[in-house]
Amino acid sequence: MKKILITGGAGYIGSHTAVELWNSGMEPIILDDLSNSNEDVLHRLKEITGKQFVFYKGDCNDQSLLEKICTEHRIEGVIHFAAFKAVGESTQVPLKYYQNNVGSLLVLLEVMKEKGIHDLVFSSSCTVYGQPDVLPVTEATPRKEAESPYGNTKKICEDILMDYVKSKPGIRVISLRYFNPVGAHPSSKIGELPIGTPQNLVPFITQTAAGIREKLTVFGNDYDTSDGSCVRDYIHVVDLADAHVKAFQYLAEKGSDFYDVFNVGTGNGNTVLEVIHAFEKVSGQKLNYVIGPRRPGDVVKTWADTTKINQVLGWYPKYSLEDSMRDSWNWQKSLG
C-alpha cells in the first residue's frame, strides 16, 4: 500500500483527504502540530475507516522530524497542507506566515530530495487570482498582486515549485487552487472545527443556528451581484479531498520534472445570501443574520472554470450546495 505523508493531516481538509486516500487504497501518514486542529480527529478517523493512522505531532519546519518520518516509513508522496490560513491575521503578523508557509515548503522539498520522494500535491488557493477581470476563472487567468500576506505566500510557494521543477530535481508536482471548501463528512464524525471565532462563513452559520453565536453579519448587500452579497464557489470538502486522490493517480502517469495546476471548485457561484437560504431550507432553522457594511479587501465575486480538472483528471463534484449545508449542520449538531 502506497504511503502518503499528509502535513497538516489532522486539519479540516487534511482529515477528509486522509479518509479518501485510505478508501482509494493508499495509507496516510499524518503530521500535524495541532495548532489549528484537535488530536481527537485521529480517533474519529479510525471510527470512519477502521484504521488507526500513524500520527506524528510536530512542525513541518522541523527538518529532523521530517527526515525521521521518511526514514521510518517508505513515503512515496506528500500532500502539503501545513499552512496558516487566516487572511486577517496574516496582515497583522506577516513574518509568522512567511516563515511557516514558505519556510515549511522549502524544508519539505529538501527532505523529499534527500529521501528520493518524487510526488507532491500542494495546497494552493484561488486567492492567487485576486478579483479576476473575467469570470469564470481558468488556470490561465492572470495571478494578481495578493491582497494579503497569506495570499502572497501561496503565490510565492507556487513560484518556488515551478522554479524547482525547472531545475530538474526529478519530482512531479500538482498545485490545487481551492475555491471555498464547505461541508463535512456525511458520517458527521469529522468536519470544520475552528478554534475561537470562525473566520469562514459556514461555521459561523452553523454556530449561529446552534446558539453559540448571537447573530451572523453579512458584509454588504450593495455589490453588483444578483442579491447584492458577495459570490463564491463553495465546494464540498469530500469532493475536494477526492481531487487529491485523482491528482496522485495522475502524477503516477507522468514523467519526472512535471508541474501543473488545477482549479478545484464546482464551476458555479453562489451569493452569501443564497448560502444562508440553502442552510435554512435543509436545516429548518431560521437564521439570525443582519446586513453590515462592506468588509475591506473582500473580493466581490469569483468562481471556477473546472473544464481542465474535469477533462484531464476526470474529476467532477458529486455534492450540491444543499448537501454541503446539510452535512455542515449535522456535524455541528454532533458536537452537542
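Okay, ground rules. This is a predicted model, where local features need pLDDT of at least 70, side-chain atom pairs count only at pLDDT 80 or more, and totals for chains, interfaces and linings use all residues. Residues are numbered from 1 along each chain as its sequence is written, and side-chain values use heavy atoms, leaving out hydrogens and water.

So, the overall picture. We've got eleven helices and 13 strands in the protein chain; those are DSSP runs numbered from the N terminus, H or I with at least four residues for helices, E with at least two for strands. The C-alpha atoms fill a box of roughly 55 × 45 × 40 Å along the principal axes. Buried residues make up 55% of the 336, where buried means under 20% relative accessible area, exposed over 50%, and partly exposed in between, with a 1.4 Å probe and protein chains only.

What about the inside? A nonpolar core here is a set of buried Ala, Val, Leu, Ile, Met, Phe, Trp, Tyr and Cys residues joined through side-chain atoms within 4.5 Å. The largest one has 39 residues, and Leu 45, Ile 174, Leu 176 and Val 264 touch the most other members. Several elements supply at least two residues each, including strand 1 (2-7), helix 2 (40-49) and strand 11 (258-264). Helix 8 gives the largest share, nine residues. Apart from that core lies another, of 29 residues, with Cys 60, Leu 105, Val 111 and Val 165 among them.

Let's zoom in on Leu 45. Skipping neighbours within four places in sequence, Leu 45 is in contact (heavy atoms within 4.5 Å) with residues including Ala 18, Ile 30, Phe 53 and Ile 190.

Now the backbone bits. Most residues other than glycine have a negative phi, and most peptide bonds are trans. Where's the cis one I want to show you? The peptide bond from Leu 135 to Pro 136 is cis, omega near 0°, and Pro 136 is in the loop between strand 5 (119-125) and helix 6 (149-166).

Then two positive phi values. Lys 168 has phi near 60° and sits in the loop between helix 6 and strand 6. Ser 188 has phi near 65°, in the loop between strand 7 (180-182) and helix 7 (201-209). Buried or exposed? Lys 168 is exposed, because its relative accessible area is 63%; Ser 188 is buried, at 16%.

That's it from me.
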